[in-house]
Amino acid sequence: MAKSRKTPPPPTWAALAEPTGELLGALNHSSTWSTRLRRVTRQHDVLVLPLERGLAALDAQQVPVEHGYSLIADYTSGKLIALVERGWANLWKDVDGVRVLPVGSWVLVPADLTTSPGSWAAAWLSRPPLPSINLATEAGVDECPVERDPESLAEVPAGRLAPQALCDGLAVLDGWKASPAGASS
């Protein structure tokens with residue numbers, strides 16, 4: 001009798017509510033240099049919501065667990081921070097527990113897009129897509145224009161997460177059939 005090979009279930013966002021394995025080890029060894037305060041610019045909408053609720057909403061919409069969504073976990077205060085494309089702030093106006101950070105406010109993010117997972121206060125759950133670099137036209141460190149602001153989120157790409165999917169996932173959790181923005185009157 002041949003044994004059937006069971007395929008492992010796909011990973012879920014809810015499983016990331018508590019760090020485990022390699023991420024846990026990295027967070028335990030993180031330093032104050034692992035994160036950086038950045039100013040919210042007009043290029044992003046920055047959403048802050050309860051971590052477990054946000055992860056459950058992503059699972060409800062069957063958003064695959066992968067990189068490219070620009071999602072940060074603040075494990076110390078139980079918050080999920082999503083960096084999404086600009087223009088969706090009105091979608092969240094009547095959604096309980098979700099706030100949109102205004103332009104000019106500060107958010108703690110992992111210091112590095114590529115290597116550092118961050119810290120307990122700001123850890124990548126899903127890293128943003130890496131910005132393309134054209135070495136022929138990229139200015140060197142000494143040639144950096146003065147108007148470039150290393151303290152802003154402008155250098156961090158917004159992720160591929162569709163804000164409507166997160167809003168619809170929260171609507172499913174709250175027992176709505178459609179999100180407030182998509183509901184007809």
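Modeller: The discussion below goes from the whole chain to two residues. Please bear in mind that this is a predicted model.

Colleague: How many helices and strands are there in the chain, and which pattern does the chain follow along the sequence?

Modeller: The chain has 3 helices and 8 strands. Their order along the sequence is α-β-β-α-β-β-β-β-β-β-α.

Colleague: What share of the contacts joins residues 24 or more positions apart?

Modeller: Among contacts in the chain with a separation of 6 or more, 83% are between residues 24 or more positions apart.

Colleague: How many of the residues count as buried?

Modeller: Of the 185 residues, 37% are classed as buried. The accessible surface of the chain is about 11100 Å², and carbon and sulfur atoms contribute 54% of that area.

Colleague: Is Ser119 buried or exposed?

Modeller: A residue is called buried under 20% relative accessible area. Ser119 has 8%, so Ser119 is buried. Ser119 belongs to strand 7, residues 118-119. Beyond its neighbours within four places in sequence, Ser119 is in contact with Leu27, Ser30, Ser34 and Thr35.

Colleague: Why does Thr76 count as exposed?

Modeller: The exposed class begins over 50%. Thr76 counts as exposed because its relative accessibility is 58%. Thr76 sits in the loop between strand 3 (71-74) and strand 4 (79-85).

Colleague: Which residues does Thr76 touch, not counting those up to four places away in sequence?

Modeller: Thr76 touches Trp120 and Ala121. Thr76 and Trp120 are 44 residues apart along the chain, with 6.0 Å between their C-alpha atoms.

Definitions and conventions: Residues are numbered from 1 along each chain as its sequence is written. This is a predicted model: local features need pLDDT of at least 70, side-chain atom pairs count only at pLDDT 80 or more; totals for chains, interfaces and linings use all residues. Side-chain values use heavy atoms; hydrogens and water are left out. Helices (H or I, at least four residues) and strands (E, at least two) are DSSP runs, numbered from the N terminus. Buried means under 20% relative accessible area, exposed over 50%, partly exposed in between (1.4 Å probe, protein chains only). Contact means heavy atoms within 4.5 Å. Accessible areas come from the Shrake-Rupley method with a 1.4 Å probe; for residues, only the protein chains shown count as cover.
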